[in-house]
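Work through the exercises below with the coordinates open. Each task is followed by a stepwise solution.

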Amino acid sequence: MTTSQTPNPDPEPGGGVPPGETPPPESGLSGTGPQDTTYNPPKGWAKAPMALIIGVTILIAAFFLVYAIILLL
């Protein structure tokens with residue numbers, strides 16, 4: 001098979017951009033994504049789960065502190 005018989009792997013025609021230059025960006029994706037932020041607003045941690053995590057962490061740290069003090073005595 002010669003080079004004139006091989007199909008072109010690039011379906012878009014060339015031209016317009018010289019070698020080494022960056023081609024222009026595509027404009028087809030500018031309007032994608034959610035437009036209404038009230039539908040799925042960003043949320044942080046709720047107060048109750050965060051307080052529970054902090055409380056459990058403090059209890060575990062206090063346990064190991066007391067355990068270390070007992071081992072030193």
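**Exercise 1.** In which helix do Phe 63 and Tyr 67 both lie, and how many residues apart are they?

Solution. The model is predicted, so local features need pLDDT of at least 70 and side-chain atom pairs count only at pLDDT 80 or more, while totals for chains, interfaces and linings use all residues. Residues are numbered from 1 along each chain as its sequence is written, and side-chain values use heavy atoms, with hydrogens and water left out.
Step 1: helices are DSSP runs of H or I with at least four residues, strands are runs of E with at least two, and both are numbered from the N terminus.
Step 2: Phe 63 and Tyr 67 both lie in helix α1, four residues apart, which is about one turn of the helix.

**Exercise 2.** Classify the aromatic pairs.

Solution. 
Step 1: rings of Phe, Tyr and Trp (its six-membered ring) pair if their centres lie within 6.5 Å; planes under 30 degrees apart are stacked, over 60 edge-to-face, the rest tilted. The count is two aromatic pairs.
Step 2: the ring centres of Phe 63 and Phe 64 are 5.3 Å apart with planes at 70°, so this pair is edge-to-face.
Step 3: for Phe 63 and Tyr 67 the centres are 6.1 Å apart and the planes at 15°, so this pair is stacked.
Step 4: ring pairs link Phe 63, Phe 64 and Tyr 67 into a cluster.

**Exercise 3.** Is Leu 52 buried or exposed?

Solution. 
Step 1: buried means under 20% relative accessible area, exposed over 50%, and partly exposed in between (1.4 Å probe, protein chains only).
Step 2: Leu 52 lies in helix α1 (residues 47–72). Its relative accessible area is 59%, so Leu 52 is exposed.
Step 3: Tyr 67, at 45%, is partly exposed.
Step 4: buried residues make up 0% of the 73 residues in the chain.
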